[in-house]
Amino acid sequence: MVTDPKPREIFAATFRDRIVHHILVNYLEPIWEPKFIDQSYSCRKGKGAHRALLDLRRYIRQVSHTAREKVYYLKIDIQSFFVSLRKDVLLDLIQKRVKNKEVLWLTKLVIFHNPTRNYYRKSPKSLFNLIPDHKSLFKVKPTQGLPIGNLTSQFFANVYLDPLDQFIKHKLKVKYYLRYVDDLLFLSQNKVQLVEWKNAINHFLDERLGLRLHPDKQVLREVREGIDFVGFVVKPDYVLMRQRIVHNLKNKLWRFNRNKEQIDQEKIAQMLSIVNSYYGQFKHAKTFSLRRKLYENNFDTLKNFLRPKDKNFNYFRSPESRFKSQSSRV
């Protein structure tokens, strides 16, 4: 169970099963990759959140004619996507392109496996009460849902939503469209057109894929107000970090500094990795002042162990005189 940013069930497969998942995806990926649209960014080589960010900024410039025209965006997502998708529909999509009987046998085994029948609970039982029934694999029909946490589930998400991508690009002929998992984003100068697309998509999801749009997660605004997408807030001229991400780093720094008596080499190494991960993300946005202020106001005791690499606070390192890595110590 994780609770940040919201309660969710995470099923982590055993190590040997993860190997099998990788083998299966390695076989299926070359078959499906040429079919996927370019604007699908999750769990694909050469894509990811940063590529989505770059493309979104480029699309904004194009559709607004370099900020000369008013542009609207529509952001929608699919309600309880991983828990709601139908296993028979997913298997049928795979069978249309895969003919190897052994691969189909393994694919079916993975898709129809029920992780709620044999598992080890790693979180307090009370946390499971935070999950609404429609978001839990323990409460839905055995014919639907995939476990969050498996590589196969991430890949199957792209397979399952590929018909939707094709419908949007080739039937609706939407030029400025991006998808990251089940987050869908559209740009247009025509506000009415965006609403028409949304209605058509909702109908397609219901008729073809047994899904529906989340009624409370539909945003239609001007681009100049900022687009919250893939961890960033994107405006026509610049990019900011999502506040939740900044808040998460502040919490991690606070927890580290609160336990000053328990600081050891392992914790320092862990914090170095965490801080550089966040600061690496920050570099993709307009965040110089944020990076500096975090160091000045929130690092506290951590300043004794981590030093900025340069005056731009791009990333940090541990001075040799104060800290040796765990590997060198061993």
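Predicted model: local features only at pLDDT ≥ 70, side-chain atom pairs only at ≥ 80, totals over all residues.
Residues are numbered from 1 along each chain as its sequence is written, and side-chain values use heavy atoms, with hydrogens and water left out.

Let's begin with the overall picture. The chain has eleven helices and nine strands; these are DSSP runs numbered from the N terminus, with helices being H or I of at least four residues and strands being E of at least two. Along the principal axes, the C-alpha atoms fill a box of roughly 60 × 55 × 40 Å. Of the 330 residues, 46% are buried. Buried means under 20% relative accessible area, exposed means over 50%, and partly exposed is in between, using a 1.4 Å probe and protein chains only.

Now, salt bridges. Side chains of opposite charge can pair when their charged atoms come close. Here we call it a salt bridge when a side-chain nitrogen of Lys or Arg is within 4 Å of a carboxyl oxygen of Asp or Glu. How many does a search of the whole structure find? It finds 13 salt bridges.

Have a look at helix 2, residues 49-63. Aspartate 55 and arginine 51 meet there in a salt bridge, at 3.3 Å from N to O. Those two are four residues apart in helix 2, so about one helical turn separates them. Aspartate 55 is buried at 6%, whereas arginine 51 is partly exposed at 34%. Arg51, Asp55 and Arg58 are linked in a network of these bridges.

Next comes lysine 70, whose side chain meets glutamate 222 in a salt bridge of 3.8 Å, N to O. Lysine 70 sits in the loop between helix 2 and strand 1 (72-78) and glutamate 222 in strand 4 (residues 213-222), so this pair ties together parts that are 152 residues apart in sequence. Glutamate 222 also bridges to arginine 224, with the closest N and O atoms 2.6 Å apart. Is glutamate 222 buried or exposed? It counts as buried, at 13%, while arginine 224 is exposed at 56%.

On to the rings. Rings of Phe, Tyr and Trp (its six-membered ring) pair if their centres lie within 6.5 Å; planes under 30 degrees apart are stacked, over 60 edge-to-face, and the rest tilted. That rule gives 21 aromatic pairs. In one of them, tryptophan 32 and phenylalanine 36 have ring centres 6.2 Å apart and planes at 25°, so they are stacked. By contrast, phenylalanine 155 and phenylalanine 156 have centres 6.1 Å apart and planes at 55°, so that pair is tilted. There's also a cluster linked by ring pairs, including Tyr278, Phe288 and Phe316.

Last stop, the surface. Phe15, Ile19 and Ile23 form a nonpolar patch with about 330 Å² of accessible area together. Patch residues have over 30% relative accessible area and no salt bridge; nonpolar side chains (Val, Leu, Ile, Met, Phe, Trp, Tyr) are joined within 5 Å and like charges within 9 Å. Accessible areas come from the Shrake-Rupley method with a 1.4 Å probe, and for residues only the protein chains shown count as cover. Phenylalanine 15 is in helix 1 and is exposed at 63%. That's it from me!
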